[in-house]
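Welcome! Open the structure in your viewer, and we will walk through it one selection at a time.

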Amino acid sequence: MQITLHLNGATHDLDVDARTTLLDALRHHLGLTGTKKGCDHGQCGACTVLIDGRRVNSCLTLACMAEDAQITTIEGLGSPDRLSPLQQQFLDHDGFQCGYCTPGQICSATGMLEEIAAGWPSHASASLEGPFALSHAEIAERMSGNLCRCAAYTHIVAAIRQAAGADDRHEDAA
Amino acid sequence: MTRHLRVDGPNHDDRLDHMAQGVLGQPLNRLEGPLKVTGRATYAAEARPRNMAYGVLVQAEIPAGKVLEIGDAPGALAVIQDKRMIHYAAQGQAEKAPPSGPERVEYMGQAIALVVAETFEAARHAAQNIAIRYAPETVPVIPESVTPELPPKKQSATGDLDQAMRDAAVTVDQVWHTPSQMSAAMEPHAAIAEWDGGHVTVRAGLQMLSSNRKQMADALGIRESKVRLLAPYVGGGFGSKLGINAEAVAAAIAARELNRPVMVAMTRQQVFDLAHRRSETRQRVRLACDANGVLSGIGHDVLVSNLPGSEFSEPVTQATPFTYQAAHRQIVHAVSRIHRGCAGSVRAPGEAVGVTVFECAMDELAEAAGIDPVELRLRNIPDAEPVTDRPFSSHKLAEALRDGAERFGWSARKPSGQRIEGEWFIGMGMAAAVRVNMLVESRARVTLHQDGRAIVETDMTDIGTGTYTILGQLAAEMLGLPADRVEVRLGDTDFPPAAGSGGSFGAASSGNSVYLACEEIRSQIARTMRCDETDLTLHDGMARAGNVSRPLSELIDGQITAEGHLQPGKTEKTHRQATWGSHWAEVAVNRWTGEVRVRRMMGVFACGRVLNEKTARSQCLGGMSFGIGIALTEAMEHDPRDGHVVSRDLAEYHIPCHADVPELEVHFLPERDAYVGPLQAKGLGELGICGAGAAVLNAIHNACGVRVRQLPATPDKIIAGLD
């Protein structure tokens with residue numbers, strides 16, 4: 001089927017099988033392999049992209065479902081010469097090792113910080129109303145959909161907190 | 001020119017501490033980091049050759065028997081069922097391919113065919129709907145259901161352990177079980193194969209290219225020189241990519257048959273079936289000590305499993321012979337031949353589960369003897385390797401224990417069950433960390449250009465370990481260049497063959513080969529400078545000797561290329577080499593739900609020279625988190641009827657997630673090990689896991705009094721133990 005995707009500020013016309021997931025459309029059809037396939041079942045978060053600013057598992061999204069949306073992938077967040085603040089903090093804190101889950105972690109963190117700004121509470125939040133301290137526990141809870149087998153978790157949370165300007169004096173008890 | 005070194009003796013001169021550039025050991029960002037954080041690093045399935053077809057593996061639905069017939073696959077280009085398709089992955093460092101022939105099934109889930117189609121969607125659909133007729137056989141799938149083999153070389157005994165147990169003031173005699181475990185690297189195994197005449201290039205997720213190339217050539221029945229492997233970026237390995245696997249061989253066969261490039265990527269479920277599992281273990285530990293906690297007897301009796309004919313058996317007791325002293329010792333190593341998926345190396349084979357269980361036993365002994373667990377360990381550190389009397393190349397356990405106890409605040413630990421916060425029991429636990437150390441033959445080529453750029457080339461891999469970065473730092477240090485003037489090229493069998501990533505030997509082995517290549521380049525520069533190489537100082541592109549100082553550009557005509565070749569030698573026989581450390585954990589156990597939360601965790605490690613403080617720390621964080629998984633969540637459940645893996649994806653096999661892992665703390669003890677080559681560095685990728693789970697399990701006992709000996713310590717088992 002013919003579909004049109006609005007991706008990282010550009011428009012792409014594609015001819016794909018109706019069963020093609022957004023993840024496979026990115027990887028197989030558009031050559032955007034920054035979005036990773038770790039499980040294809042929405043269990044690991046490696047395929048996280050932003051659809052209209054919200055984080056979504058692209059493996060659980062058919063490409064044709066994303067036609068009218070603005071999609072942002074890791075390639076749209078920055079480039080090696082021009083890293084986004086989160087990408088720079090991941091680099092500086094060594095918030096990755098093998099790097100395979102990393103694009104998903106960074107897309108997820110980008111969307112997650114917007115969720116905090118929008119006042120969405122999490123299981124770890126002290127109250128439902130906010131504001132929410134950017135504590136280790138708060139960030140870790142909200143990032144738990146993104147698995148990392150190298151387990152760079154400690155460094156990932158530190159990177160996100162620094163990028164978000166977290167203040168250690170407001171650290172919650174874990 | 002090639003500079004060769006066999007490590008037959010010590011290196012006491014600490015040469016790398018006297019280089020001028022000052023870049024080695026620094027916490028530099030990863031060289032390839034900008035590519036990884038922007039999604040530009042390309043992994044196995046991420047090349048896009050023109051006209052590529054997609055293959056999906058078809059798996060056996062019987063535990064053993066014969067495939068009689070495979071039906072048609074409408075919509076597919078081909079159904080490949082080739083006698084060269086392998087039954088399971090090659091073991092690490094194997095030089096031959098594993099058994100092949102897809103008509104014979106050895107375990108449920110084995111790859112028996114490949115369906116290839118124009119699109120991934122079509123191939124997946126056809127593979128899922130293909131009809132297969134079998135002649136199934138009944139086979140054992142439970143380790144305890146068969147009489148195990150007792151390989152003679154794996155049994156050992158000194159003194160009389162039974163007598164020591166009878167005579168001892170205090171004893172422990174308990175049995176632990178650990179389940180099958182999976183490496184579960186985030187990148188599923190994948191390969192893209194493409195032929196050019198009689199040459200095949202396979203791009204795949206692989207850890208050890210030089211032996212992988214031999215395996216692939218053997219599997220395909222072609223000469224090694226006709227195989228090129230590429231693995232520039234590998235999305236984690238943890239042992240699962242040590243040897244070639246079914247997808248790479250099938251992709252190569254299909255690409256030949258269809259005369260076009262073929263990609264085969266395993267699904268996550270296929271990874272659980274086809275990658276090596278860590279064998280489940282049954283471990284009986286017997287300990288005997290006097291009233292002061294001095295050990296007189298150590299027994300470690302283990303049962304593991306593997307497929308019939310598979311050589312590997314989980315070396316559970318690897319560290320047991322040398323960690324603690326005792327006059328009476330016995331090791332029993334039994335292997336059940338059963339038809340679960342092939343068992344092989346998963347991060348720290350042996351110690352990951354062996355040290356974990358042994359350190360739980362030590363905790364039980366400390367409790368029974370009424371001695372602090374740290375003190376018990378300190379009282380039993382041997383002066384030399386027990387039985388053999390070989391000296392240790394270096395030994396930092398005592399320092400790691402004392403340093404860790406101080407940093408963690410161990411003295412505040414209370415007796416079991418005495419620290420309660422609301423509905424949570426709080427406890428602290430510790431364990432020793434130990435992992436054998438080794439070197440493996442490795443080669444690298446270094447080229448220094450007149451303009452002050454250097455290029456390092458070796459078929460070594462970076463599976464997240466930091467190889468790109470540390471080899472770059474090392475060359476920069478040796479050649480006196482800023483780190484950004486060194487380019488590191490890895491993961492291509494066109495480069496000199498390296499040790500590969502595995503067994504914690506990658507950094508030291510490949511690092512020493514780079515060191516040697518650079519040393520040869522330094523010698524050539526020294527000749528031009530008319531000085532001894534040892535009197536040469538290289539810094540920021542300048543060469544100095546005495547009061548002469550000249551830029552490299554004047555000293556080099558075009559370029560200097562040298563190869564380094566490292567071989568392990570006598571020191572691995574003359575000295576017991578190991579890395580040491582200590583693990584510390586504070587947990588909270590919910591008195592109603594049995595939930596365990598790790599609140600704090602710390603590791604203190606000694607691994608010789610640290611090559612990059614930042615990437616080294618990350619390695620330790622990863623290992624410690626694996627330990628949390630071993631202790632609390634990770635288990636491959638096998639169906640007792642047919643052995644198949646029930647928990648075969650990331651929703652059922654629970655690797656630790658963000659919320660499971662607190663802010664981990666890592667400390668390194670300064671160390672230079674003289675017996676492991678001029679780099680004086682040892683392995684680190686696995687030390688962090690060895691014993692980490694025991695610190696968590698011992699903390700659970702300290703919190704609430706429950707000993708879980710059937711790992712992992714899931715809430716049901718904790719609740720069953722609570723009053």
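Start by selecting Glu115(A) and Arg55(A) and showing their side chains: the two form a salt bridge, with their closest N and O atoms 2.9 Å apart. Keep in mind that you are looking at a predicted model.

Now zoom out and colour chain A by its two parts, domain 1 (2-77) and domain 2 (85-170).

Next, select the residues where the domains touch: 18 residues of domain 1 of chain A are in contact with 18 residues of domain 2 of chain A. Together the two domains bury about 1400 Å² between them, and 57% of that area is on carbon and sulfur atoms. On the domain 1 side, pick out Arg55(A), Ile74(A) and Leu77(A), which lose the most area to domain 2 and together account for 41% of what that side buries.

Polar contacts are the next stop. Seven residue pairs are in polar contact across this interface, both residues being at pLDDT 80 or more. Stay on the domain 1 side and highlight β3 (48-51), β4 (54-57) and α2 (74-77) of chain A, the elements that each give two or more residues to the touching side. Which of the elements gives the most? That is β3(A), with three residues.

Definitions and conventions
Residues are numbered from 1 along each chain as its sequence is written. Chains are lettered from A and ligands numbered from 1 in the order in which they are written. This is a predicted model: local features need pLDDT of at least 70, side-chain atom pairs count only at pLDDT 80 or more; totals for chains, interfaces and linings use all residues. Side-chain values use heavy atoms; hydrogens and water are left out. Domain bounds come from an automatic or database domain assignment. Contact means heavy atoms within 4.5 Å. Buried area is the accessible area (1.4 Å probe) that two parts lose on being put together, summed over both. A salt bridge is a side-chain nitrogen of Lys or Arg within 4 Å of a carboxyl oxygen of Asp or Glu. A polar contact is a pair of N or O atoms within 3.5 Å; within protein, one must be able to donate a hydrogen and the other to accept it, and residues adjacent in sequence count only if both atoms are side-chain atoms. Helices (H or I, at least four residues) and strands (E, at least two) are DSSP runs, numbered from the N terminus.
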